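Good morning, colleagues. Please turn to the structure now shown on the screen.

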Amino acid sequence: MDILSLISDMLYQGWQDIFRTVFVGVLGYAALITMLRISGKRTLAKLNAFDLVVTVAIGSVLATILLSEDVALAEGIAALFTLIGLQWALARASMASDTLARVVRSEPRLLMHKGEILHEALHDERILKNELMTVIRSAAPADPDKVTAVILETDGSFSVIGHGADGEPVNFARAGLNVAQTGR
């Protein structure tokens with residue numbers, strides 16, 4: 001095979017492949033949108049690690065449906081339905097069972113309180129002090145002395161809570177964190 005035919009095959013392999021990609025793409029996309037609308041906003045909420053896995057897996061399945069001739073549209077839709085159905089079932093089951101909810105969902109974790117770094121929490125969550133300082137610098141109250149709390153949320157994001165308008169630290173009820181989650 002010469003270089004020109006190799007390049008030609010990389011750029012264009014025929015109208016049939018293009019038609020398949022567009023046709024399957026439109027139908028796969030429509031099926032995915034329909035399933036997501038039926039299953040609700042929670043399916044892609046990214047509230048915990050399981051949600052992230054499902055979101056990435058859905059994207060991967062859709063890409064496979066579009067680009068792999070080895071996967072029929074019906075198989076791809078079945079895979080999407082399975083992922084979305086499992087996510088829906090797990091969310092419903094964890095609402096009914098506190099034990100299951102604790103297994104599949106993490107709790108927010110307080111990393112800094114009233115200017116004091118909680119080193120044990122940083123260690124448990126595998127976060128370096130320098131990383132915590134980066135989070136604080138990128139937040140609205142960039143000064144650590146003006147930070148009431150830094151919380152590692154269940155989805156892996158950070159919340160930096162500054163002092164209130166009166167200059168006083170914000171209490172945890174107003175910050176959305178109860179005393180059990182503070183580690184104190």
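I shall speak about aromatic pairs and then about backbone angles in this predicted model.

Let me begin with the aromatic rings. A search of the whole structure finds two aromatic pairs. In the pair formed by Y12 and W15, the ring centres lie 5.9 Å apart and the planes meet at 75°, so this pair is edge-to-face. Y12 has a relative accessibility of 37% and therefore counts as partly exposed. For W15 the value is 63%, which means that W15 counts as exposed.

The other pair consists of F19 and F23, and it is stacked, with 5.6 Å from centre to centre and 15° between the planes. How many residues apart are F19 and F23 in helix 2? They are four residues apart in that helix, which covers residues 15-39, so about one helical turn separates them. F19 counts as exposed because its relative accessibility is 58%, whereas F23, at 45%, counts as partly exposed.

I now turn to the backbone. Most residues other than glycine have a negative phi. Against that background, two residues deserve mention.

K114, which is not a glycine, has a positive phi near 50°. This residue lies in the loop between strand 1, residues 109-113, and strand 2, residues 116-117. With a relative accessibility of 55%, K114 counts as exposed.

R126 is likewise not a glycine, yet its phi is positive, at about 60°. Where is R126 found? The residue sits in the loop between helix 6, residues 119-125, and helix 7, residues 129-137. R126 is exposed, its relative accessible area being 73%.

Thank you for your attention.

Definitions and conventions. Residues numbered from 1 in each chain as written. Predicted model: local features only at pLDDT ≥ 70, side-chain atom pairs only at ≥ 80, totals over all residues. Heavy atoms only, no water. Phe/Tyr/Trp six-rings, centres within 6.5 Å; stacked < 30°, edge-to-face > 60°. Buried < 20%, exposed > 50% of the residue type's maximum accessible area, 1.4 Å probe, protein only. Helix = DSSP H or I, 4+ residues; strand = E, 2+ residues; numbered from the N terminus.
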